[in-house]
Amino acid sequence: MTESGDRLRADETRARLLDAAVLAFAERGFHGATTRDITSIAGLSAAAIYVHHRSKEELLYQISRTGHLDTLHCVQTAIASSDNPTEQLIALVRDFVIHHARAHTVARVINYELAALSPEHQREIKDLRHTIDAEVRTLIEHGVAQGCFDNPNPQMAAVAVLSLGIDIARWYRDDGAWQPEDLGDHYVDLALRIVGARR
């Protein structure tokens, strides 16, 4: 096999292990899931995890970092889609909610297993979370300043808006009655009420 073929195969194996770790952590929690559980789900030998990842904690870190970067990109893309705060918030909430519904298993692991990360990795993830929070808070502050929103506490409003989407990971199931797009539309209405959007 060529060097590029070896690299591709290694990348595919790493991805399989990350996907398997998400399932194992979601089902048993970080501390309850073993490396053997993860490699078994991935269909790999028990030693494979240490060939591609330093530890079980590093798997959680990679899952968490990628998930938070994806969320940050989602938020920033929505904000960049318009100069109007109301339109920005509509795009942000719809995309944020749909994203969390479609990736609910990953989101559940990311949000409920944060304490299992090493202190260094926790700091990095908390910095990413702070950046996401700041983006949403700044959007709401701009909306208030421009008279689009009527809200006395943009920071609390930002926490509430983000909590709407994040909490979906706790209860959403693929075989449930609501599609991600249905939730996106409904949560947009809730978010506009939270910020006091002027109709």
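Ala, Val, Leu, Ile, Met, Phe, Trp, Tyr, Cys and Pro are classed here as nonpolar, Asp, Glu, Lys and Arg as charged, and the others, Gly among them, as polar. The model is predicted, so local features need pLDDT of at least 70 and side-chain atom pairs count only at pLDDT 80 or more, while totals for chains, interfaces and linings use all residues. Residues are numbered from 1 along each chain as its sequence is written, and side-chain values use heavy atoms, with hydrogens and water left out.

**View 1. Lining of the largest pocket by class.** The lining has 12 nonpolar, 9 polar and 4 charged residues.

**View 2. Centre of the largest pocket.** The largest pocket holds about 440 Å³ of space. Gly 67, His 68, Thr 71, His 100 and Ile 110 are the closest to its centre among the 25 lining residues. A pocket is an open set of points on a 1 Å grid over the protein atoms alone, where a 1.4 Å probe fits, with protein on both sides within 12 Å along at least five of seven lines; lining residues have an atom within 4 Å of a point. Points are joined across faces, edges and corners, and the volume is the space filled by probe spheres set on them.

**View 3. Helices around the largest pocket.** At least two lining residues come from each of α1 (3-28), α4 (56-80), α5 (85-102), α6 (104-112), α7 (119-145) and α8 (154-171). With 7 residues, α4 gives the most. Helices are DSSP runs (H or I, at least four residues), numbered from the N terminus.

**View 4. Contact of α5 with α9.** Residues of α5, including Leu 89 and Val 93, meet residues of α9 (among them Leu 183 and Tyr 187), where contact means heavy atoms within 4.5 Å. By class, this contact has 13 nonpolar, 2 polar and 4 charged residues.
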